Structure formats: structure tokens, C-alpha cells
Amino acid sequence: MGDGDVNSNLLIARSTGDAQLDRAVGQWLSWDKGMYKYLERCFSDFRQRGFVVGYDTRGQVTSSCSSKRLAKLTAAVLLAKGVPVYLFSKYVPTPFVPYAVRQLKAAAGVMITASHNRKEDNGYKVYWENGAQITSPHDKEILKCIEECVEPWNGSWNENLVDTSPLTRDPLEEISKIYMEDLKKICYHRELNTKTNLKFIHTSFHGVGHDYVQLAFKAFGFKPPIPVPEQKDPDPDFSTVKCPNPEEGECVLELSLRLAEKESARVVVATDPDADRLAVAELQENGRWKVFTGNELAALFGWWMFRSWKANGSREADVKNVYMLATTVSSKILKAIALKEGFHFEETLPGFKWIGSRVKDLLDNGKEVLFAFEESIGFMCGTSVLDKDGVSAAVVIAEMASYLETKNLTLAQQLTEIYEMYGYHISKTSYFLCYEPPTIKRVFEKLRNFDFPKSYPKSCGAYGILHVRDVTTGYDSSQLNKKSVLPASKNSQMITFTFQNGCVATLRTSGTEPKIKYYAEMCARPEQSDKTFLEEQLQKVIEALIENFLEPSKNGLILRSV
């Protein structure tokens with residue numbers, strides 16, 4: 001699941017054993033009942049507004065436990081209590097649920113998905129009435145209600161209730177239609193799109209994306225992207241990929257790249273199984289493929305969305321009313337663009353739930369938000385959906401590539417131009433596996449008590465440290481009051497080091513996996529154009545960070561391998 005999703009998602013392991021399966025489904029129903037109990041308390045008009053339920057294509061045939069079945073069980077719990085349920089009749093991209101919650105003015109919604117997790121998992125992603133993932137205090141209050149709901153209700157195991165209840169409604173046709181219509185708001189070159197000679201390959205990674213990406217390309221005036229036939233249709237076993245996560249890069253995009261070469265297509269777009277993330281690859285002049293990182297794509301999207309806003313906005317439009325956002329572990333490139341162009345940039349805690357909630361606040365205060373992202377290939381273009389959306393991102397990058405083609409530029413060449421204009425931002429992200437929670441705690445506690453108690457390191461190997469921010473404790477040495485601007489997050493470990501040479505590095509734990517992640521970036525000024533030197537500096541800082549702070553040999557940490 002995505003960073004920061006831990007409290008808005010429940011992961012369960014599926015089993016072919018009946019007893020274990022019954023326990024898992026019983027646990028699932030407890031979540032549904034706890035959700036109902038909390039929503040009934042929060043909304044006096046819950047039975048008028050209703051609840052949205054969507055699902056992906058996960059499921060093991062042998063256990064008869066699919067995302068669709070879990071969605072029907074969720075719906076049955078609410079229907080049994082007289083709550084109208086907008087249950088999609090077909091699998092949908094995750095962004096369709098938050099979009100539907102806002103469009104239908106529902107009280108809340110859930111998406112049954114485990115995104116790009118392993119095939120045995122499933123998840124429960126909760127959206128509030130504002131169309132953003134739940135944040136505190138809702139997550140904690142729902143958990144309390146779940147703990148109180150241990151006894152089964154009449155009808156809660158009756159998944160067939162969705163077929164007989166007059167309170168069941170299917171929003172698929174309506175939501176799909178208005179979503180595609182809304183998508184046109186961020187289409188700026190439809191006529192050019194209809195004429196482009198560029199070909200695009202799309203893989204949906206055995207998930208939900210194929211039909212919806214095809215419709216999105218049609219809405220923008222494009223010819224349909226060429227699908228990867230082996231990965232086009234839903235397959236809960238993800239049988240052609242070792243890992244159903246397009247973020248892993250070229251090793252999981254092999255079928256897409258080979259098809260692109262066969263079809264003479266230069267750009268590949270890959271949506272993850274629930275179509276809320278997007279990976280992009282482009283064929284370079286040297287015959288090699290470049291798979292863009294999430295941070296590199298964000299630089300392109302940020303440049304494109306601001307350029308399009310300037311070119312298509314009214315003269316009265318005020319740049320000081322414009323915002324872009326990113327999670328704090330993501331690239332600072334939007335900050336650099338904002339400083340030069342005059343719009344606002346804000347950071348949030350990791351996880352799109354924080355971005356979605358903050359964007360809604362900004363919109364409610366009359367601000368205009370063009371773009372937001374997290375480095376793990378999650379992008380929000382426009383504000384029709386207050387969550388990451390791989391469907392809209394796929395067609396926006398296609399339009400960008402088509403426009404650049406008319407200027408004899410590739411995406412990679414435009415990325416270089418962006419860095420030369422706003423300063424190179426070279427980043428690297430990876431992780432170590434650690435299956436011992438006490439070890440993870442010991443690593444971070446040492447950093448908080450480095451040379452003596454309650455002291456953070458002043459250097460890392462040969463590299464001096466300018467500032468330290470510890471979001472876990474709420475400390476930030478760069479602030480006059482030494483308090484972090486970002487809210488303290490005591491349930492997870494996260495410390496950020498700003499080095500004297502311009503590098504920013506964050507160490508943090510994953511909310512859903514046994515990992516210590518590192519995020520490192522060299523943020524250079526425009527006049528620092530020696531990319532090779534910057535890359536070397538970044539690598540040296542990372543090596544020092546691993547050797548001095550993580551100490552993998554001593555702590556038994558296992559370096560990421562694909």
C-alpha cells in the first residue's frame with residue numbers, strides 16, 4: 001500500500017483454508033460494522049447521503065474470496081442498516097471512489113484494493129465526505145468502533161442483499177461519464193492530439209486500468225494506446241510479473257518495452273493494478289529505454305501544469321493564488337519552480353491522505369491547486385480527484401509528449417531543460433529490509449542520542465549537517481522555536497538531515513512493510529550545471545549515510561533487491 005495509508009487501510013492475508021478464510025472475512029465485517037457505527041455517529045443524514053463502494057480485480061479462485069465479494073459484504077452490512085449504497089457493478093480504478101464520493105455527495109466511501117501489494121493481500125481504503133483519504137481523528141475513532149463490534153449482525157454475511165435491496169445503486173455509468181468529461185478540463189491541445197504520429201503503449205499490470213485508460217485517451221482526442229495483450233485483462237495472480245509494481249522499473253516493464261519496439265512506439269505508460277499510480281518509459285536516441293522516477297515525472301508534470309495554466313488562464317488570474325504540493329520525502333523541484341515563478345509550494349507528511357485533505361482546505365479558501373505528487377509515482381493533475389490518479393496522469397503525459405514532439409523534444413530532453421532552468425534535483429530512493437522492530441527502534445534512537453543523550457549528529461562521515469528535523473518527536477533545528485512545522489507523527493519513525501553541500505536525506509520506516517527507507521536528493525542552484533559532479537556527491541552522501549547511520553552489517557539490514 002502507499003506510504004501513509006496504514007490507518008486508512010486494512011491488509012488481510014487470504015487463505016484457501018475455510019477456517020482461516022472465515023476468520024479473515026469476519027475481521028473484514030468488523031471493519032464494516034465499525035465504519036457504519038462511526039459514520040452513523042458523525043452524520044445525522046447518513047441514510048439519505050449513502051456510501052460508495054468500489055473494488056479492484058484481486059481474488060483467489062480457490063478461496064472464492066475476491067475484492068468483489070468483499071465489496072458486496074461491505075455493502076450488505078450497510079444495506080442491512082438501511083443505508084443506500086453506491087456499489088460499482090464492475091471493477092474500477094481507485095480514484096473513481098473519491099471522485100464518486102464528492103460527485104454523489106455521499107458521506108464516505110471505501111475502495112477494496114491492495115494496490116500493487118502481493119497477490120495474497122487485500123486492503124480497505126477509506127475516503128471521507130471531502131473525497132480525501134481519512135486522517136486523524138477519524139482513523140482512530142473508526143478503530144475504536146471496530147473494537148466494539150465483535151458480534152455479527154443479522155444480514156451482515158448475506159452478500160446477496162446487494163442484488164435484492166432497493167437501496168443498492170450502481171454509479172458506474174454516471175461516474176465514468178462525468179469523470180471523462182471532467183478530464184477534458186486539463187486537456188489543452190486536443191486538436192494536436194488528434195493529429196499526432198506518436199504511438200503509446202499501455203500496460204495495466206493485470207489490473208483495472210485498461211478500459212479506463214482507453215476512454216481517457218479518447219476524451220483527449222488520441223487514438224487508443226496499444227495494450228500489452230498478456231497484461232490487458234484482470235489476473236489476480238499477476239502471472240507475467242514477479243512484482244505487480246511498475247515503480248520497480250525496467251525489470252517489470254519488459255513486455256511493454258518489447259511491444260513498444262515491435263510497434264515503433266516511443267512512450268510506454270504503465271498503471272499499477274488499481275490504476276492510481278503511473279510509471280513512464282521513453283525510448284532514447286541511443287536505443288536504450290529511460291524509465292523515469294517519480295521525482296523526474298513530477299518535474300515534468302509541474303512544469304507542464306504551470307505552463308498550461310499561464311497559457312490558458314485569464315489575465316486576471318493571480319499567480320499568488322496558485323499552489324502545488326508534495327510529500328516531504330519527495331523531490332524539492334516544485335519548490336524551486338515555485339520560487340522562480342511566484343506561486344506557492346507546500347509540503348505534507350508522507351501519504352496522499354495528507355495531500356488530499358490539505359488540497360481540499362486550499363480549495364475551500366478560494367485557492368487554485370494545479371498539481372500534487374508523492375515520489376512513489378503518485379500524481380494528482382488538477383483537482384477533480386483529491387487523490388493520486390494514474391488514469392489522468394497517463395493521458396496528461398501523452399499530451400505533453402505529443403506537444404513536445406512538435407518542438408522536436410523528447411520528455412527526457414525537456415526534463416534536462418527544466419533542471420537547467422530551475423536547478424538540478426538528483427535523487428535516489430531505496431530501502432533496507434528489517435524484520436526486527438526493536439532493531440528499527442534502536443537505529444532511530446541512536447540518531448536521537450548520537451554523541452550524548454538527546455543530541456543529533458552534527459556530521460555524517462565527511463559531510464557536515466546543517467539542520468535536523470525529527471517528525472517523530474516534533475523537533476526541527478532550522479526553526480527558531482525548534483518545533484517542526486509538519487505535525488508530529490509519533491507512530492512512525494522519520495528523521496530528515498539537511499547537509500551543508502545541498503543534499504537533503506530522510507530516513508523513515510514504512511507504514512505497512514518491514515522496511516527502513518532512505519530518500520536522498522542533491523538540490524542544486526541553476527548555475528551548478530555539472531550533473532556528473534552532483535551525482536557523485538549524492539552517491540557519496542548516501543554511502544556515508546548507510547555506513548554511519550544505518551550500519552547494515554551490525555544491525556542485520558538487508559539491502560533492497562528486485
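This is a predicted model: local features need pLDDT of at least 70, side-chain atom pairs count only at pLDDT 80 or more; totals for chains, interfaces and linings use all residues.
Some ground rules. Residues are numbered from 1 along each chain as its sequence is written. Local features need pLDDT of at least 70 and side-chain atom pairs count only at pLDDT 80 or more, while totals for chains, interfaces and linings use all residues; side-chain values use heavy atoms, without hydrogens and water.

Confidence comes next. pLDDT is the predictor's confidence in each residue, from 0 to 100. The chain has a mean of 91. Of its residues, 93% reach 70 or more. Over residues 1-17, pLDDT stays under 50. For that stretch the model has 79 contacts (heavy atoms within 4.5 Å) beyond four places in sequence.

Now the inside. A nonpolar core is a set of buried Ala, Val, Leu, Ile, Met, Phe, Trp, Tyr and Cys residues joined through side-chain atoms within 4.5 Å. Buried means under 20% relative accessible area, with a 1.4 Å probe and protein chains only. The largest core holds 169 residues. Which of them touch the most other members? Phe51, Phe301, Phe371, Phe379, Phe497 and Phe499 do. A second, separate core has ten residues, including Leu325 and Phe352.

Last, the cysteines. How many disulfides does a search of the whole structure find? Zero, where a disulfide is a pair of cysteine sulfur atoms within 2.5 Å. Take cysteine 187. Its closest cysteine sulfur is in cysteine 381, 13 Å away, so the gap is too far for a bond. Both residues are buried: cysteine 187 has a relative accessible area of 16%, and cysteine 381 has 8%.

Methods
Buried means under 20% relative accessible area, exposed over 50%, partly exposed in between (1.4 Å probe, protein chains only).
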